[in-house]
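Subject: Structure for your review

Dear colleague,

Please find below the structure that I am handing over to you. My findings follow it.

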Amino acid sequence: MGTVKLVTFVYTACTLGCSTLAYKMLNMADTMNEWGHNKDVDFFVIDFDYFHDNLTILEEYANLIAGDVDIPSNIEFLWGNEVAMNKTVDDWRFHIELDESPLLHTSEPDVHLSHDGIVHAVSWIHAFRVYIIDRNDTIVH
């Protein structure tokens with residue numbers, strides 16, 4: 001039998017609840033480890049923002065969320081490119097939708113130039129969800 005897994009999806013520029021969710025996952029991992037269950041539960045925080053984020057940004061985000069606490073070894077922060085993330089969210093049936101708001105002038109880091117030549121702010125419509133996978137690799141709702 002394997003470990004229990006907790007999986008969630010976030011993006012670093014989220015202004016609603018992603019940082020709270022990531023913090024709670026980190027806090028749970030730290031607590032489980034303090035209780036001696038570090039080999040029983042694995043945590044995964046998957047960043048789906050392939051426009052703005054990358055592994056460096058995600059690492060900085062994880063360290064910011066962790067604060068003075070070391071990031072436990074049984075939590076992984078994962079990121080992938082557009083193809084990988086679209087496949088991942090499809091596989092998990094986690095709905096994300098890019099919500100682009102046209103901006104004329106911006107110096108914000110979370111913008112990109114779309115195919116129409118207009119600068120758009122990147123924000124995502126998504127749910128806040130934690131998946132629990134039991135020791136038999138079955139998703140528990």
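In what follows, a contact means heavy atoms within 4.5 Å. The model is a predicted one.

By that criterion, and leaving aside residues up to four places away in sequence, Gly80 touches Asp47, Tyr50 and Met85. Gly80 is situated in the loop that connects β3 (75–79) with α3 (82–92). Its relative accessibility is 10%, and Gly80 therefore counts as buried, the limit being under 20%. Between Gly80 and Leu55 there are 8.3 Å in space, C-alpha to C-alpha, although the two are 25 residues apart in sequence.

With ring centres required to lie within 6.5 Å, the count comes to 10 aromatic pairs. Among them is the pair of Tyr50 and Phe51, which is tilted, with 5.0 Å from centre to centre and 40 degrees between the planes. The two partners fall into separate accessibility classes: Tyr50 counts as buried because its relative accessibility is 16%, whereas Phe51, at 34%, counts as partly exposed.

Turning to the first helix, α1 covers residues 18–34, a run of 17 residues. From its first C-alpha to its last, α1 reaches 24 Å, close to the 24 Å expected at 1.5 Å a residue. Cys18, Leu21, Ala22, Met25, Leu26 and Ala29 are its buried residues. Viewed down the axis of α1, these buried residues fall within an arc of 135 degrees, so they line one face of the helix. The face turned away from that buried side carries the exposed residues Lys24 and Glu34. After α1 comes Gly36, which has a positive phi, near 85 degrees.

As for the chain overall, the protein chain contains three helices and eight strands. Read from the N terminus, its elements follow the order β-α-β-α-β-α-β-β-β-β-β. The protein chain has 141 residues, of which 38% are buried. Among contacts with a separation of 6 or more, 73% are accounted for by residues 24 or more positions apart. The protein chain exposes about 8,500 Å², and carbon and sulfur atoms supply 54% of that area.

Yours sincerely

Notes:
Residues numbered from 1 in each chain as written. Predicted model: local features only at pLDDT ≥ 70, side-chain atom pairs only at ≥ 80, totals over all residues. Heavy atoms only, no water. Helix = DSSP H or I, 4+ residues; strand = E, 2+ residues; numbered from the N terminus. Expected span 1.5 Å × (residues − 1). Buried < 20%, exposed > 50% of the residue type's maximum accessible area, 1.4 Å probe, protein only. Arc of directions from axis to C-beta. Phe/Tyr/Trp six-rings, centres within 6.5 Å; stacked < 30°, edge-to-face > 60°. Areas by Shrake-Rupley, 256 points an atom, 1.4 Å probe, with all protein chains shown as cover.
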